[in-house]
Amino acid sequence: MHFPWWHVDYLTAPMLIAVVSVVHVLVAHYAVGGGLFLAVETSYAYRTRNRDYLAYLRRHAKFFVLLTVAFGAITGVGIWWTIGLASPLATRVLIRTFVFAWATEYVFFILEIVSAFIFYHYWGRLPEKVHATIVWIYGISAWASLVIIAAITAFMLDPGKWPADHDFWSAILNRQALPQIISRTGGALLLSSLYVYLHAALTIKDAKLHALIESRSTRPALLGAVLITLGGILWHVLLPPSAQAALYAAPVLNVLMALLFAATGIVFVLLFFGPYRNPGWIYSPGFAAAVLLFGVIGMSTAEFIREAVRKPYICYNVVLGSQMLTDEVARVRRQGFLESGPWTRAFVQTKYPQVMSGDGRIDRARLLALPKTGQVELGGVIFQYHCNDCHAVRQGYSPAGPLVQGWTPAMIRALIRDLDRTRFTMPPWAGTPEEAELLAAYLADVSPPQPAGMLPGDPKTGAR
Amino acid sequence: MDPKTLVDTSMALGLPAPVWFIELFKWLGFSLHAVPMNLWLAGILVSMILYVRGSPHGRRCNARLMAQMPVIIALGINFGIVPLLFVQVGFAEIFYPATILMAWFWFLVIVLLLPAYYGVYLYAYGLAGQGDAMPRWKRAAGWISALLLLAIGFTFANAMSLMENVKSWPDLWQRHSFNGAALGTALNLTDPRLWPRWLLMFGLALTTTAVWVAVDAAWFARRESPAYRAWATDFSWKLYAIGAVWFAVAGAWYSLGTWTPETRQTMFQSAWAVLTVATAAAPAGVWVLLWLARKREGEIGPGWASLVGLAQFGVLGINAASRQVVQHLEIGPYFDILHQRSETQWAPVAIFLVLFVLALGLVAWMICQVAKLPAKPDAA
């Protein structure tokens, strides 16, 4: 509402955030867990004077740097890029609130970059103690950046007392922070072990070395699975009621939850009975790839669920999916949705100057005097700014047209009027009754007719 | 349509820090980011041309620059976070609409950056592993990276000029929208400021690359021959001359040909004229320093190179300050950050600053560990 809305056909702009985020977390968690793994294992290899293991760790460090410092860093910036485009109001609130948390995270990023490059490029040249210290600097910095970003994303699910006091500490020490830090730490440990496991399976032929890597990498993986479960339970217990309800009510989220538990369970069982209890038992790149695939499925699913349970909010009780602050709804409803946003108002003013009153405001009474095509077009403007955050138009991601397929105009009007009560995962309607008529006209226009041939009904048209 | 009505200043969120703090960190962050960004913007292209021209020293310079480039790009991306963060803190009202109008192109920056970065890695590792026997496709990766990074620079110039060019928003929006929502396909191509702005940045990037060649020769090329270091000093001076002339021409076009009369009057006739003169003249100072190094010693020494490096950072800093002032003047009629309300919580600021200082200490410690190392035994 405050900013122009970016219309992305079929997918919807916010789904781009989901795509970039999922891709990023799969590498970002490895960047944290892999850093801790390299820190622990390099120290261990130096301590035990295991040259073969050191040689492997060096090879792994190259893969690690190539993947995390380039792909991880760019996709991380990519999330930021995308949220600014697809959800500018929420981004503004987050940046306004957490600017110094982000600045602090940036400090850790710099430490990560410098230490990662020195650790890899000066391998074999630095004294062992210094070399190990540098990789620990990396590991601790990476985990610190995870703590900060987990607390910020947790704020989006439960901002605690922040809406009342706007205090930084209320925001960062929110109730969801600890569960997310625990589960993300677990995710980082688990996922990084799976990367190591696959990398080793692909690059190592020596069975003895492989058995060592299996046993060394499986322990943090199992610990990770336990932390994910513990964090997940805490996350669930502390969820706001609406998020809990959304989790139970949406069939897709039920399926995804089952998938998440199944994937985590499968990974745990495979690792426990495979490399942990019987090192060398199943020793193939295919098995390692399968375990990583289950880990990736679990991680991606968890990210999607985390995003989805917030509906109708982008930030719980702060920013709505309809791109307005919660405390703006009453004013916007009074003033009119089209009138309240600079871009919607400008559209009306340019395209339909006849509805503007003498004082330069939209005269809501004149909206319904427009010809039908004009009403549908303005309904389309309202749809873009009020609904397109979660719904594509005719086809694509949760398209609005098919959702009201076969509905009568009265049913559509009733839905709009009681939007949040019809479905609590939708934001409250924030327009005037006249604007509800415009939106209803648009939805009726984009919805396909009732499918023909459905019984009982008219065998020819499907009509009642 | 009055473009001013498209800038929504109704949100009463306030600023999380005083305006001076935001401005200071935006300026400092951009100045720091400009160093590695300049190096990848012009450095890769220059380095690839040096290889094609085929002189042994030129090829050596190409190898050195490209081997350093992965680290330079990593630092540049991270240094870029700071100015972007503070732009969004202070200028959200104009930054978001501008980037949303050109959303797909802005998004493309990330998409292009990935192959550009991996292209540099391919080239650098190819060079390290195979030297001149590197296959053509790896060589091509270097060229592709250079072109992609130039395209990314152009997109940035587009976004930053669109942010200042609020009066072009209504037309771009109307031509690139669907039911009032932006399609994200608008580019600010008709803005007269766009091309000189991009070219000016490229000229500046040439000068920074020139200085880096000299600094690298003095500080990090201990294993290279004295003849290479002398060549690098000479090349640095010549490249700087080209960059400075380029910068002067593009700068004159930008300031005399595209600024509004009000901006011109302020930047040329008020106290800000001192900054304008400093911005224009500063590169000449660095060029003189390089000329003196070349004339006096043949090859540049570490002390003099450090002085040149600091002076170039000053050039970038003055340029960033000047552009920040112009940005204020251009967006002033639509948005005024100076009158924004701020509600500062100093504890998080203090934690950030303390950690920042500690981190700088740790970085310095790590670099010292590397600096203490003897040269590689297998060195050339």
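Trainee: Which helix of chain A gives the most to the nonpolar patch?
Mentor: Helix H10 of chain A, residues 251–276, with three residues. Helices here are DSSP runs (H or I, at least four residues), strands likewise (E, at least two), numbered from the N terminus. This is a predicted model: local features need pLDDT of at least 70, side-chain atom pairs count only at pLDDT 80 or more, and totals for chains, interfaces and linings use all residues. Residues are numbered from 1 along each chain as its sequence is written, chains are lettered from A and ligands numbered from 1 in the order written, and side-chain values use heavy atoms, without hydrogens and water.

Trainee: Which residues make the patch?
Mentor: A:Val226, A:Phe268, A:Val269, A:Phe273 and A:Trp281 make a nonpolar surface patch of about 500 Å². A:Val226 comes from helix H8 (residues 207–237) of chain A. Patch residues have over 30% relative accessible area (Shrake-Rupley, 1.4 Å probe, only the protein chains shown as cover) and no salt bridge. Nonpolar side chains (Val, Leu, Ile, Met, Phe, Trp, Tyr) are joined within 5 Å, like charges within 9 Å.

Trainee: Now the interface. How much area do chain B and chain A bury?
Mentor: About 7200 Å² between them, 78% of it on carbon and sulfur atoms. That is accessible area (1.4 Å probe) lost on putting the two together, summed over both. B:Leu13, B:Asn179 and B:Met366 supply 9% of what chain B buries against chain A, more than any other three residues.

Trainee: How many residues are in contact?
Mentor: 77 of chain B with 72 of chain A, counting heavy atoms within 4.5 Å.

Trainee: How many salt bridges cross the interface?
Mentor: Two. The rule wants a side-chain nitrogen of Lys or Arg within 4 Å of a carboxyl oxygen of Asp or Glu. A:Arg96 pairs with B:Glu343 at 3.2 Å, N to O. B:Glu93 bridges to A:Arg92, closest N and O atoms 3.2 Å apart. That pair runs from helix H2 of chain B to helix H3 (residues 88–121) of chain A.

Trainee: And over all chains, how many salt bridges?
Mentor: The count is 30.

Trainee: What about phi of A:His166?
Mentor: Near 50°, a positive value in a residue other than glycine. A:His166 is in the loop between helix H5 (162–165) and helix H6 (168–172) of chain A.
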